[in-house]
Amino acid sequence: MSGSPTLLSVVVPAHNASGVLERALTALAASTLPRTQWELVVVDDGSSDDTATLAARFADVVVRIPGRPHGPAYARNRGVESSRGDVVVFIDSDCVVHADTLQRFWDAFQRDETVGAVFGSYDDTPVALGVMSQYRNLIHHYVHHQNAGDVETFWAGAGAVRRDVFVNAGMYDEWHFARPQIEDIELGARIRAGGYRILLDPAIQVTHLKRWTLLAVIRTDVKDRGIPWARLLAHRGAVLSTKTLNLRWTEKVITALVWAAAVLLLSSAIVGSRRLLLAAGGCLAGAILLNAPVWRFFMRQRGVWFTIQILPAHLLYYLLNGISLGVGLMLQQLVGAPIPDPTVEAYSEVGVKRWPPIPARNRPSSWTANEP
């Protein structure tokens with residue numbers, strides 16, 4: 001790539017990703033943006049398979065992190081430190097870019113110098129079969145298309161940020177997020193706090209390869225997304241905010257209705273009250289009616305029968321929201337900010353330096369304001 005400036009640095013974090021990485025990197029290689037105008041940095045985060053060997057066939061730089069995995073926040077930071085582009089594009093290892101994805105990222109920054117970060121969406125052709133996998137990927141597509149424009153958050157599955165904005169914001173918070181959680185959302189909050197715009201452009205699309213199971217959905221929505229997000233919102237005093245994706249007032253009302261229906265239904269079963277059963281049905285009907293745009297979207301995409309099949313999964317989402325909010329608020333009050341891994345914290349306290357360096361605690365973070 002000598003003789004031509006690097007415009008984009010594509011950073012792909014990968015952990016034991018040999019099953020999906022080749023398809024992801026092959027798609028990147030087929031991008032319409034000329035290869036002389038972007039570099040590829042793959043970060044092998046403690047893989048035990050042949051991820052690094054596979055990445056070496058495509059990447060300009062392969063960063064190998066030995067030992068146990070440190071998580072995507074840490075891996076992305078190491079990738080950025082090994083890159084040189086004016087704009088950094090983050091692509092997850094299980095995401096397949098469209099031919100024009102990189103070009104669209106670059107065009108978005110060229111059109112408007114006030115934009116600090118941009119992210120896209122999953123497309124409407126998820127690869128994994130099964131109702132749950134199709135539902136999860138399509139609902140992501142729907143939410144991002146419904147919220148196009150200026151937003152308050154960031155998404156790193158297919159997201160890009162100007163290098164100076166990323167550095168000024170403090171990079172990813174690798175201290176508090178040692179596994180895939182809400183590290184991109186938290187970064188987005190700091191980017192916005194720095195006065196930079198974040199643009200959601202759903203025309204920038206990738207195909208998601210992940211297969212979802214019911215257990216994975218519950219674990220992700222509660223443990224890895226919902227609870228950490230609720231704790232962060234409580235820490236920032238933004239629980240009542242309606243500016244972030246999935247926090248619209250309609251979503252909050254639906255969550256309340258679904259929980260009211262569940263409580264009334266349980267009470268009806270205990271005391272044998274028909275009135276409580278009817279009240280539960282009324283709350284459930286209200287939640288379903290408020291979700292009418294979602295049902296119309298799924299009927300257009302997959303038909304009536306598929307829409308009926310995913311209705312319980314969508315209502316479950318709201319039940320999990322309520323659990324996450326309650327547990328997250330309680331933990332924030334009782335514990336405060338998330339506690340890093342004890343080993344990492346111990347290394348930091350005694351000032352030990354090693355390769356890879358331990359996750360940094362001195363980067364700017366949404367959690368640091370109220371910490372001792």
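Two residues are in contact when heavy atoms of each lie within 4.5 Å. This briefing uses that term for a predicted model, in which local features need pLDDT of at least 70, side-chain atom pairs count only at pLDDT 80 or more, and totals for chains, interfaces and linings use all residues. Residues are numbered from 1 along each chain as its sequence is written, and side-chain values use heavy atoms, with hydrogens and water left out.

**The protein as a whole**

- Of the 372 residues, 53% count as buried; buried means under 20% relative accessible area, exposed means over 50%, and partly exposed lies in between (1.4 Å probe, protein chains only).
- The accessible surface comes to about 16,600 Å², and 59% of this belongs to carbon and sulfur atoms; such areas come from the Shrake-Rupley method with a 1.4 Å probe, and for residues only the protein chains shown count as cover.
- Among contacts with a separation of 6 or more, 77% are accounted for by residues 24 or more positions apart.

**Helices α9 and α10**

- The axes of helix α9 (residues 249-271) and helix α10 (residues 274-290) come within 8 Å and cross at roughly 160°. Axes are lines fitted to C-alpha atoms, for helices over the stretch in contact, and angles run from 0 to 180 degrees between N-to-C directions.
- This angle makes α9 roughly antiparallel to α10; angles over 145 degrees count as roughly antiparallel, under 35 as roughly parallel, 65 to 115 as roughly perpendicular, and the rest as oblique.
- The crossing of α9 and α10 is left-handed, a term used if the near helix is turned anticlockwise from the far one by less than a right angle, whereas clockwise gives a right-handed crossing.
- The residues of this contact between α9 and α10 divide into 17 nonpolar, four polar and no charged. Here Ala, Val, Leu, Ile, Met, Phe, Trp, Tyr, Cys and Pro count as nonpolar, Asp, Glu, Lys and Arg as charged, and the others, Gly among them, as polar.
- Ser-268 lies in helix α9 and, at 8% relative accessibility, counts as buried.
- Leaving aside neighbours within four places in sequence, Ser-268 is in contact with Ser-273, Leu-276 and Leu-277.

- In α10, Ile-288, Leu-289 and Leu-290 meet Ala-292, Pro-293 and Trp-295 of α11. By class, the contact of α10 with α11 holds six nonpolar, no polar and no charged residues.
- Helix α11 (residues 292-302) packs with helix α12 (residues 304-334) at an angle of about 135°, and their axes are 8 Å apart. The pair α11 and α12 is therefore oblique as well.
- The crossing of α11 and α12 is right-handed.
- Residues of α11 including Val-294, Trp-295 and Phe-298 take part in the meeting with α12, whose contributors include Val-304, Phe-306 and His-314. The contact of α11 with α12 consists of eight nonpolar, two polar and one charged residues.

- Among the buried residues of α7 are Glu-183, Asp-184, Glu-186 and Arg-190.
- Just after α7, Gly-195 takes a positive phi of about 90°.
- Met-171, in the loop between α6 (163-169) and α7, has a positive phi of about 65° although it is not a glycine. Met-171 is buried, with a relative accessible area of 9%.

**Other individual residues**

- Asn-16 belongs to the loop between β1 (8-14) and α1 (18-29). Although Asn-16 is not a glycine, its phi is positive, at about 45°.
- Asn-16 is partly exposed, with a relative accessible area of 34%.
- Pro-228 is found in helix α8 (residues 214-236) and is buried, with a relative accessible area of 9%.
- Pro-228 and Ile-182 are 46 residues apart in sequence, and their C-alpha atoms are 6.9 Å apart in space.

How values were computed. Helices (H or I, at least four residues) and strands (E, at least two) are DSSP runs, numbered from the N terminus.
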